[in-house]
Structure formats: structure tokens, C-alpha cells
Amino acid sequence: MKTILITGGAGFIGSHVVRRFVTKYPEYTIVNLDALTYAGNLENLEDIENAANYKFEKADITDREAMSNVFDKYGITDVVHLAAESHVDRSILSPMDFVYTNVIGTVNLLEVAKNKWKDDYSTHLFYHVSTDEVYGALGSEGLFTEETRYDPHSPYSASKASSDHFVRAYHDTYGIKVVVSNCSNNYGPYHFPEKLIPLMINNIINNKPLPVYGDGKYTRDWLFVKDHAIAIDLIFHEGTVGGTYNIGGFNEWKNIDLVHLLCDQMDEKLGRPAGTSKQLITYVKDRPGHDRRYAIDAGKINRELGWEPSVTFEQGLSETIDWFLANKTWLDNVTSGAYASYYDNQYASN
Ligand code: NAD
Ligand code: TYD
């Protein structure tokens, strides 16, 4: 029977993955390991925290002894690795944090898995959850495929690219079974409001300026987080060992168009006159090294595993806004304290 270590399970995507595995596979034991950094929040998992097959360990993936102890304590059979520093703007401010967690933390976990599983690698899987940002930036044409050459530009994407390479190196060198997926931008419930969509939702609620970087024509491919969790479940169980899967929403939006859509939907839901929130839009200085466009060709996972997004963007966004409006306490809790100082610093000079 599987005992799966899910790292970063108290974060945004991790909490959806933990919830899916805990509820869909009662026969598995799910160990959520998370350092509970500013981005980790056990409130994200309140609904499943008492499930019989759910365990939580507060630990740092860079701590070798702690990882070794967790593998021994539970008899970990598989890893789904999501723990990471995940925000590009923070990586520009503090790149070393990204090297420690994303690179050293990943290699540390791989080392522990290599040692603990050495009797028979064939019965264990190390799944690395990664990003499409490793591929760099597209111009107005084309899509990232699994064959696209790595060309990361931000400290965040460079650290994720490095960790992807290490995961594949442990497969090629030591024979550990691995799989990697590279996903586009996620959105949905529990999204930390430093990222574009939840930041804009939070600011619209609070009538604060909506900071759009540069000319606002940067393009991202958005995927509802629950569809990412479904894809991870499929790849974990049916993906080709040693393989890579790109995951995306077939859903490209220029940032400014997306902010307009959010303003329209929120004005309606908040009962404000149409056009009210758009007045909050403020163009601010651009992000250094800002990637112009990301867009994923998710054809491989569709052909091989039959995956495709289950909700439209309009449905997913509407569900997301409703969730944030219904969870004001969650939003207030995560935006107090440390978030407030980060926000003041990040947007101060605009
Ligand atoms: P997040 O920042 O919301 O959550 C990260 C989690 O990792 C937090 O719970 C945090 O406490 C934990 N963590 C951080 N450092 C740790 C450490 N040293 N030891 C243990 N735990 C630690 O991130 P997210 O958006 O949920 O992303 C999860 C994963 O998915 C990341 O690996 C990210 O690169 C990848 N990803 C994210 C997106 C996206 O749009 N958010 C898209 C594709 C891939
Ligand atoms: P973000 O959510 O940080 O994701 P990523 O940089 O990993 O794609 O940003 C999404 C896009 O939105 C990106 O082009 C930067 C832009 N952006 C803004 O214009 N204003 C903001 O306040 C933030 C956080 C992002």
C-alpha cells in the first residue's frame, strides 16, 4: 500500500493535491510535509485534517535528518514534490532563498529517496511538480512543448529548471523512477494574494490600486488549480516513467484583458456600478526580465492520458471570486503581518 509524501501540501496547489489524494484514495496514507513559510497555511486543509489517512509534518526539505526521519517514520513509498519558493518577484528580491529550497531542498529529498529506496527502485516514484517558466519566454507565436529547450530568465525559473535537471539526473544516473510535469499559471481557491489574480481580487474588494506591470500586454496561460490536481493524479498513476508532461489551460490572456474581466465580474458580484473597479487600474514599473508570453501545448497529456481542463475560464474565475468573497477571514489572516510588509516594499516606489 502506498504511503505518499506530498511536500508543500499546505501551499496553494499542494493543498488541492493533498485534498484530492486524501479523499479519493482512502487506502493510501498521505503525509503532508511543509515548513509553513509565509505561503504555507494549514487553514487551507481544515476540511480534511481529521481524515484517518492524513498526516502532517512540519519540516524543511533542506533538513537532511528531518527528511530521513520522516521517510523512516512512515515508510514513505512515493514522493509528490511541490514544496518551493514560488513567486517570481520574491526571487528577484532574494534569489538565495530560491536556491536553498528549490535546488538544494530538491536534491536533498532525492538523496534521501535514493538511500531509502535503494533495495528496489522499481516500486517507488519521485514526482516533481514544475513550471512552464523553465522554457523562458515566447514571442507572439508558438507554444511550449515537452521538447522546448530550457531557457529560464528569472531566479525562480532558473531554480526550478535546475531542480528539474537534478530530478532527471537521478533517473538517468541512479535509476530512480521519476516523472516531471511543467504547468502553466494556476488560479483558484487558497491562492496566496501576491500573485496576479488573487492580488487583484483582494485589491478590488478593498478599493486599492490595481498594479499592472509595464504595458499590461504580457500574456499568461491560466489553468484552474483543481484541473492541475487532476492532471497530477493522472500522471502519478499513469504517466510514463522518466517522462515529462506539459499541463496548460489552452487559455491565454493578456494581463490587462484579464484584469478588465476580473473588474467586470467583481463589480457585478459586489453590486457596484459597471466600470467602478476599472478606475483602480494603475500602470506601474515593469518587472525586471519580465517574460513576454507563456503558452503551453498540452497535447501530449491529452493524447496519452486523456486529460483536458474540466472547467472553462469563466466558470473557474467565477468560482474563485465567489470563494474569496466567502472567505474574507482567510484573506484577512494571510494579508496581515508579514504579507503587509512585503506588499509595501514591493509596490512602494510606484
Ligand atoms: P506556494 O508558494 O503557494 O506553496 C509552496 C509551499 O511550499 C508552501 O506551503 C510553503 O510553506 C512550502 N515550502 C516552501 N519552502 C519550503 C521548505 N524549504 N521546506 C518545506 N516546505 C516549504 O506555491 P504553489 O503556487 O502552490 O506552487 C507549488 C508548486 O507548483 C511549486 O513547486 C511551483 O514551482 C509549482 N508550480 C506553480 C504554479 C503556479 O501557478 N502557482 C504553476 C506551475 C508549477
Ligand atoms: P504572477 O501571478 O506573479 O505569475 P508569473 O510571474 O509566475 O507568471 O504574474 C502573472 C503576470 O501578471 C505576470 O506577467 C506579471 C503580472 N503582474 C502584474 O502585472 N501585477 C502584479 O501585481 C503581479 C503580482 C503580476
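Q: How far is an oxygen atom of ligand 2 from an N or O atom in the side chain of R287?
A: This is a predicted model, in which local features need pLDDT of at least 70, side-chain atom pairs count only at pLDDT 80 or more, and totals for chains, interfaces and linings use all residues. Side-chain values use heavy atoms, with hydrogens and water left out. A polar contact with the ligand is a pair of N or O atoms within 3.5 Å, and for the side chain of R287 and an oxygen atom of ligand 2 the distance is 2.5 Å.

Q: How much of the accessible area of ligand 2 does the protein cover?
A: Accessible areas come from the Shrake-Rupley method with a 1.4 Å probe. On its own, ligand 2 has 510 Å² of such area, and the share that the protein covers is 98%.

Q: Which element gives the most residues to the shell around ligand 2?
A: The shell holds 18 residues, each with a heavy atom within 4 Å of the ligand. Two or more residues come from helix 6 (196–205) and from strand 8 (210–213), where helices (H or I, at least four residues) and strands (E, at least two) are DSSP runs. With three residues, the element that gives the most is strand 8.

Q: Is M96 buried, partly exposed or exposed?
A: M96 is found in helix 4 (residues 95–116). Buried means under 20% relative accessible area and exposed over 50%, with partly exposed in between. Because its relative accessible area is 45%, M96 is partly exposed.

Note on methods:
Residues numbered from 1 in each chain as written. Chains lettered and ligands numbered in written order. Polar contact = N/O pair within 3.5 Å; in protein donor to acceptor, adjacent residues only side chain to side chain. Buried < 20%, exposed > 50% of the residue type's maximum accessible area, 1.4 Å probe, protein only.
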